[in-house]
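Me: I would like to learn how to read strand pairing and backbone angles. Please show me a case.

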Amino acid sequence: SASSLAARRDKALKQRHKKQSAKPKKTAQHKRPKKKRQNSGSDSDNDGSDDDEPECTWVSDGVPGPRSGETVYTAIERNGVLLQTGDCVLLQNPDADGLPFVGKILKLFEYSEDHEPFMVIRWYYRARDTNLSPAEQKKLSANEIFESTSTDENPVASVICPCEVLSYEQFRSKEQAPGKRVFFARRFYDAIHQKFVALDGNEKIQRKLAPGTVVDALGDSDKDNSEEDDDDD
């Protein structure tokens, strides 16, 4: 069900960073990011998915954020891999046979008290996280995911590697067979009403997904947008 996605995310990501308040606390397994770009050397893992402690380095100027002690950035390097706001990424899933989570980075930030790099992620749903039956799920490509307005805070260290999320037309036009890091989204999934909405030509949905529109919602955006959808029914 759709609610199981949130449950798995909470278990997969938030349990690894227990007792986090509105200002996330620094955890032992993450290094404090450096303010100046440094050469990470030629031995770093290019996909950022190694098992070693991730090295995070801010590579953009920081500006004060809306919350006390918050500094907002536009780019960071994780083990030599550049991550920027607007990028799509795969995130860790601790389940042995679980697929990585897919999300888009809406915001990169840190707090002055701990300097641990965090991000606001907008989640994509996989077919198994929706109300589609197993038979319906089998008819879909494994590369198909669904847009949502569900957002959450997560540590940059939970990123595995960047990925691509394309339109259906872009996906079909790729000359080479897409790998496990290339997805397409042609529909929006409303988890509240458990319904799908086509993305093409839908200006209302496009406004919801526009950069910056849900950055500060942090989990409340699905509720807010469901109230708007009630007007359409």
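Me: In which sense do strand β6 and strand β12 pair, and over how many bridges?

Reply: This is a predicted model, where local features need pLDDT of at least 70, side-chain atom pairs count only at pLDDT 80 or more, and totals for chains, interfaces and linings use all residues. Residues are numbered from 1 along each chain as its sequence is written, and side-chain values use heavy atoms, with hydrogens and water left out. Strands are DSSP runs (E, at least two residues), numbered from the N terminus, and two of them pair if DSSP finds at least two bridges between them. Here β6 (residues 88–91) and β12 (residues 159–166) pair in the antiparallel sense over 4 bridges. C88 stands opposite C163 in β12.

Me: In which sense do β12 and strand β13 pair?

Reply: β12 pairs with β13 (residues 182–184) in the parallel sense, over 3 bridges. In β13, F184 is the residue opposite L166.

Me: Which strands form the open sheet, and in what order?

Reply: The order is β1-β4-β5, with antiparallel pairing. β1 (56–58) and β5 (81–84) are the edge strands, each pairing on one side only. Between β4 (residues 75–78) and β5 there are 4 bridges, and A75 stands opposite Q84 in β5.

Me: What is the phi of N79, and is N79 buried or exposed?

Reply: Most residues other than glycine have a negative phi. N79, not a glycine, has a positive phi of about 50 degrees. N79 sits in the loop between β4 and β5 and is buried (under 20% relative accessible area, with exposed over 50% and partly exposed in between; 1.4 Å probe, protein chains only), at 7%.
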